[in-house]
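Me: I've just opened this one and could use a quick tour. Start with how you label things, please.

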Amino acid sequence: VQLQASGGGLVQPGGSLRVSCAASGSISRINDMSWYRQAPGKQRELVASITSGGGANYVDSVKGRFTISRDNAKNTVDLQMNSLNPEDTAVYYCNADIWPRRVTTHIHYWGKGTQVTVSS
């Protein structure tokens, strides 16, 4: 099982970006999918998460600006980021709570990070 993230890049303050993540491999079921971020010199923080039923939660600093969504048929999770500001600059990581096939427990998998830079 692996997670592959894409998107990110450089954007001006007030702009928008979308990051996407796809899970692949021998997967039985995916529970929660999430996006974390880590800015230089700071701890990794949970930005947004979404259940398999579509229930979403956000950290206060992104509420009203970011939207997390998922496609259960494609095993993907997206994070649409609007009204970006320099404080959103970080490496963004996707995380998924997955039940692999022929495994009797669920495992949290991480994707490689993708850089988001907000700067004029």
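Reply: Helices (H or I, at least four residues) and strands (E, at least two) are DSSP runs, counted from the N terminus. This is a predicted model, where local features need pLDDT of at least 70 and side-chain atom pairs count only at pLDDT 80 or more, while totals for chains, interfaces and linings use all residues. Residues are numbered from 1 along each chain as its sequence is written, and side-chain values use heavy atoms, with hydrogens and water left out.

Me: Is Asp 88 buried or exposed?

Reply: Asp 88 is buried, as its relative accessible area is 1%. The cut-offs are under 20% relative accessible area for buried, over 50% for exposed, and partly exposed in between, using a 1.4 Å probe and protein chains only.

Me: Switching to cysteines. How many disulfides does a search of the whole structure find?

Reply: One. A pair of cysteine sulfur atoms within 2.5 Å counts as a disulfide. Here Cys 21 is joined to Cys 94, with the sulfurs 2.1 Å apart.

Me: Which parts of the chain does that pair link?

Reply: Distant ones: Cys 21 is in strand E3 (residues 17-24) and Cys 94 is in strand E9 (residues 90-100), 73 residues apart.

Me: Why is the disulfide right-handed?

Reply: The torsion about the S-S bond of Cys 21 and Cys 94 is about 50°, so the disulfide is right-handed.

Me: Buried or exposed, those two?

Reply: Cys 21 is buried at 2% relative accessible area. Cys 94 counts as buried too, with a relative accessibility of 0%.

Me: Let's do the sheet. Which order do the strands come in?

Reply: The order is E1-E3-E8-E7, four strands in an open sheet with antiparallel pairing. Two strands pair if DSSP finds at least two bridges between them.

Me: Which strands stand at the edges?

Reply: Strand E1 (2-7) and strand E7 (66-71) do, and each has a single partner strand, so one side of each has no neighbour in the sheet.

Me: What about E3 and E8, how many bridges there?

Reply: Six, in the antiparallel sense, with strand E8 covering residues 76-81. If you want landmarks along E8, Arg 18 has Gln 80 as its bridge partner, and Ala 22 has Thr 76.

Me: And how many bridges between E7 and E8?

Reply: Six again, and E7 and E8 also pair in the antiparallel sense. Ile 68 is bridged to Leu 79 in E8, while Thr 67 stands opposite Gln 80 in E8.

Me: Which E7 residues are on the covered face?

Reply: Phe 66, Ile 68 and Arg 70 are on the covered face of E7, and Thr 67, Ser 69 and Asp 71 are on the uncovered one.

Me: How many residues sit between E7 and E8 in the hairpin?

Reply: Four, and Asn 75 is in that turn. Asn 75 isn't a glycine, yet its phi is positive, about 55°. With a relative accessibility of 22%, Asn 75 counts as partly exposed.

Me: Which other residue has a positive phi although it is not a glycine?

Reply: Arg 102, where phi is about 60°. Arg 102 lies in the loop between E9 and strand E10 (107-110). Arg 102 counts as exposed, at 78% relative accessibility.

Me: Last one. Where is Ser 28 found?

Reply: Ser 28 is in strand E4, which spans residues 27-38. With a relative accessible area of 48%, Ser 28 is partly exposed. From Ser 28 to Phe 66 the C-alpha separation is 29 Å, and the two are 38 residues apart along the chain. Phe 66, remember, belongs to the covered face of E7.
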